[in-house]
Amino acid sequence: MSSGERKPVLITGIGLLSAAGEGGDAHRAALAAGKPLGLTSEGFVPYTVHALNEPDWSAQIGRRDMRQMEPWQRIGTYVAGLALDDASPRDNRLLDRMDMIVAAGGGERDIEVDNTIMDDVRQGGDPEVVVNERLPNDLRPTLFLAQLSNLLAGNISIVHKVTGSSRTFMGEEGAGMSAIATAHARISSGQSDIMLVGGAFNGEREDMLLLFELGNVLSHGDGTVPVSQREGKDAGFHLGSVGAFLVLESADHAKARGANAYGELTAVKAGHGGRDGSALADRLSGLVVDSNIGADVPVLSSGTGLPDLRKAEQSALGDRPVRHVGTVFGHSVEAQFPLAVALAALELQRSATFDGATQIGASAVGSWRSEAVALLTKVKEGDAR
Amino acid sequence: MSSHLDHLGRPIVVVTGIGVVSSLGRGCAENWTKLTAGESGIHSISRFPTDGLRTTMAGTVDFMDVEPMSAPALSFALAKTATQEAVDQAGISAGDFPGPLFLAAPPVEMEWQHRFALNADAPDSESEGYKRMLAAAREKKRQDLFELFQFGTTADQITETFGTKGLPISLSTACASGATAVQLGVEAIRRGDTGAALCVGTDGSVMTESLVRFSLLSALSTQNEEPSKASKPFSKDRDGFVMAEGAGALVLESLENAKARGANILAVLKGCGEKADHFHRTRSSPDGSPVIAAVNRALEDAGVTVDEIDTINAHGTSTPENDRMEYNSLHAVFGDRIHDVPITSNKSMIGHTLTAAGAIEAVVSVMTLREGLIPPTINYTNPDPDIPMDVVHGEARSAPVKTVLSNSFGFGGQNACLVFGAAE
């Protein structure tokens, strides 16, 4: 475990769920087609979101546990199950020592309760009296457990028995970047052999639309303009419901249990800071250099469609071919960088978008803070799946 | 060179700066004086009306002069104050912390005051609350509210203020968060990624809705008549925890780094352990196996045996479930020695600071090591006969303390334990 030795980190399991449905093939094909999926404004006018293509939840989550969860937790718990199934037959001894990092925001509020309280106050009620009377009576007692950030990880432990360790990172897009970067660092240094890492986001929420509208980062278009071309009223992102989890594993550990890999997660570098002038572009360029992303390596961007941020990202990526995952699946905040990394791994396994690429990059620029890049590399034939 | 490595050949991690704010006051000195005198920081809530609420007390921090008041603004002010103290003590130059930030921060959401304000701004074309707020937001962007309620905001502000390096990590493991922040710092140093790490836990989130949420889960004490007596860990008549606010900050460094710059070493962070529980969202496995595993892993990681633990800084929330479970699990690990190891719960005095608790209790553990004095568990007048432990009570106890175990557990099956040792 000395600081010198670094072990190769492989991606041996992927779980995905989004407007494209579930599974690797559906997502590989959706990315290659490049068309926006699941667009709807129903209930959200004038906003357009990428709605989830709902799975048969019972395939991963029992009915009793389902009742305890709100949609963001269902998405995450379901997808974590897909990633675990993809990585191995369920083995309780392995799950018992598997480490976990989840990138999460907060859970859904009870919109009806909120609306009633705001309505009461609009009708002339004293705000403090209304809140004190309504909340204790109207809130479902267990709703809190569907809102606490770390309770997605908690549900994954309960439903799938992943219990080696459980950590939840917060902080919007940066949470997904830190989660992947920390998991990579822990495995490459020998602090962990196998980790479940990822995030989940429900984009079909008025409370989330409100938060991002306050920052003027939502697109007011109809969602058909690609992220790479968004300007004016189209500038910004459309929320998308996405779950993206990966099983990361040291090469030795994967070999010992006979697991094959989608590819190697070769490098993950993350940054943070102000964005005045060329600060963001300069930091991103540094991350690209530190990650050794070759000048012709294609990149999957998890960026947002905000023109200034996109320009900074473009200047750092230079002439590399870039595809924006947000065009197809929408923006899933904490889950967006894990989504891009997962799609890059699928593409390495069997290319559909970047013909025959042996290395693919993933990039991320958070709508307000945080940026990251990753490099993935094809593994040699015998180790590939 | 090898003297800088631990029993597993990893860089030894030391504590070179600590800082704390709680309802007892600002800074290590004031907190230590009051903690060892057995003073309570719990009081009736004055921040907001408590009419109709089942619990009307908390350990709110009311002396921070935060204006306008909000949970993220107070959480930042608390974190900043504790961090300033820790960084000053470590002798690290202002605004240029030479390593990353690991921040345990409360999940924050827009608050009622903001919802009402947006509603008041809304055009009359909309009638439903969220539609009104969205219309108001479209008309008049509120970058201030957007930034205030980003989960990454507090970490961003601490990073800006203290100049920590790289992408800061905001984390939550519920009531174990503070300990997890420390653990992440230890791991980064052991990997050789950094020579120093700033580990902070903060929580300034006592408001009507958070109080109601915990109340609805029957987690809070309702012994409102005498607030200072409500938090009574390990007592027979304990009936829940008391919400509280505060922050704890620790500067961790590799021993090599600390020595090279001539820093004063306060304590050694010997080991960490964690284990998740899959039993239930709020309850622990009846057999205690995840807590037992977390304690055992921390001891193994630290390279110490149960016989070397001189005192335990308990999670000790004062809920019926936690305190019994903590005893049963410790009994399983320590055997009959658990009856003789002095144990104490700081929460009897400062309440349960939730996200910050693990960090604050880590700071108190370091002070305990340095002073050779174990703060009492107050309100221990009616011991629970089913929890036969040597609970330090009455007054602080002098004892030679070389090694401390600090426990933190949380909803969602979170269990994290830290082992601190005296500086050589």
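# Cavities and their linings

Helix 8 of chain A contributes five residues to the lining of the second largest cavity, the largest share. The model is predicted, with local features requiring pLDDT of at least 70 and side-chain atom pairs pLDDT 80 or more, while totals for chains, interfaces and linings use all residues. Residues are numbered from 1 along each chain as written, chains are lettered from A and ligands numbered from 1 in written order, and side-chain values use heavy atoms, without hydrogens and water.

Helix 8 (172-188) of chain A and helix 6 (153-162) of chain B each supply at least two residues of this lining; helices are DSSP runs (H or I, at least four residues), as are strands (E, at least two). Closest to the centre of the second largest cavity are A:Gly171, A:Gly174, A:Arg369, A:Ser370 and B:Gly152.

The structure contains eight cavities of 30 Å³ or more. A cavity is a set of points on a 1 Å grid where a 1.4 Å probe fits but cannot get out, and lining residues have an atom within 4 Å of a point.

| Cavity | Volume | Lining |
|---|---|---|
| Largest cavity | about 310 Å³ | 24 residues |
| Second largest cavity | about 140 Å³ | 18 residues |

In the largest cavity, A:Arg205, A:Asp207, A:Met208, A:Leu211 and B:Glu109 lie nearest the centre. Strand 7 (194-201) and helix 9 (206-214) of chain A each provide at least two lining residues there, and helix 9 of chain A gives the largest share, five residues.

Domain bounds come from an automatic or database assignment. For chain A, domain 1 comprises 9-109 + 147-378 and domain 2 comprises 111-142. The C-alpha centres of these domains of chain A are 36 Å apart.

How values were computed: 1 Å grid on protein atoms, 1.4 Å probe; cavity = no way out; pocket = protein on both sides within 12 Å on 5 of 7 lines; lining within 4 Å. Points joined across faces, edges and corners; volume = space filled by probe spheres on them.
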